[in-house]
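Visitor: I'm new to this one, so please slow down and give me a close look at one part. Start with the charged side chains and how they pair up, then go wherever that leads.

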Amino acid sequence: MECLGCRIANGIEPDLDPETAHAVMDASQKVTALLKSLYKPDGIRICADGGKFNDLTHYHMHVVPRYEGDGLAWSEPLHPDGAETRLNETKAKILKALSEV
């Protein structure tokens, strides 16, 4: 098994350590620059899903060129929970947790 993602998924390698995570982000920046140069997109979406939303069972990152009107959308939740009304509370909770790290 040569693929790092496959090796992680099969328990041969540990999950991402900080050094590897930084290398993945550095690579995404390089791919972003390349895509911008080659295809002149209006923007780039960089994302990774985890937990139940990671259907490949190993860490991977998407680097997607975006164009105005391309139809690719970040949709609203099917079951809104009013999170937009709790932004100050959410901010305070995150800042408190960060201060404890």
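Guide: Lys96 and Glu100 are both exposed, where exposed means over 50% relative accessible area, buried under 20%, and partly exposed in between, using a 1.4 Å probe on protein chains only. Before going on: this is a predicted model, where local features need pLDDT of at least 70 and side-chain atom pairs count only at pLDDT 80 or more, while totals for chains, interfaces and linings use all residues. Residues are numbered from 1 along each chain as its sequence is written, and side-chain values use heavy atoms, with hydrogens and water left out.

Back to our pair. Lys96 and Glu100 form a salt bridge, with their closest N and O atoms 2.6 Å apart. The term means a side-chain nitrogen of Lys or Arg within 4 Å of a carboxyl oxygen of Asp or Glu. Side chains of opposite charge can pair when their charged atoms come close. By this rule there are three salt bridges.

Another one joins Asp81 to Arg86, with 3.5 Å between the closest N and O atoms. Asp81 counts as exposed because its relative accessibility is 55%, while Arg86, at 31%, is partly exposed. Then there's Asp70 with Arg66, whose closest N and O atoms are 2.8 Å apart.

Helices are DSSP runs (H or I, at least four residues), numbered from the N terminus. With 3% relative accessibility, Ser28 counts as buried. Its side chain reaches the backbone oxygen of Met25 at 2.7 Å, a polar contact: a pair of N or O atoms within 3.5 Å, one able to donate a hydrogen and the other to accept it, with residues adjacent in sequence counting only if both atoms are side-chain atoms. Leaving aside neighbours within four places in sequence, Ser28 is in contact (heavy atoms within 4.5 Å) with Ile46, Met61 and Val63.

Helix H2, residues 18-39, also holds Thr32. Thr32 is buried too, at 11%. With neighbours within four places set aside again, Thr32 touches Ile44, Ile46 and Val63. So what do Ser28 and Thr32 share? Ile46 and Val63 are contacts of Ser28 and of Thr32.

Technical notes. Helix = DSSP H or I, 4+ residues; strand = E, 2+ residues; numbered from the N terminus.
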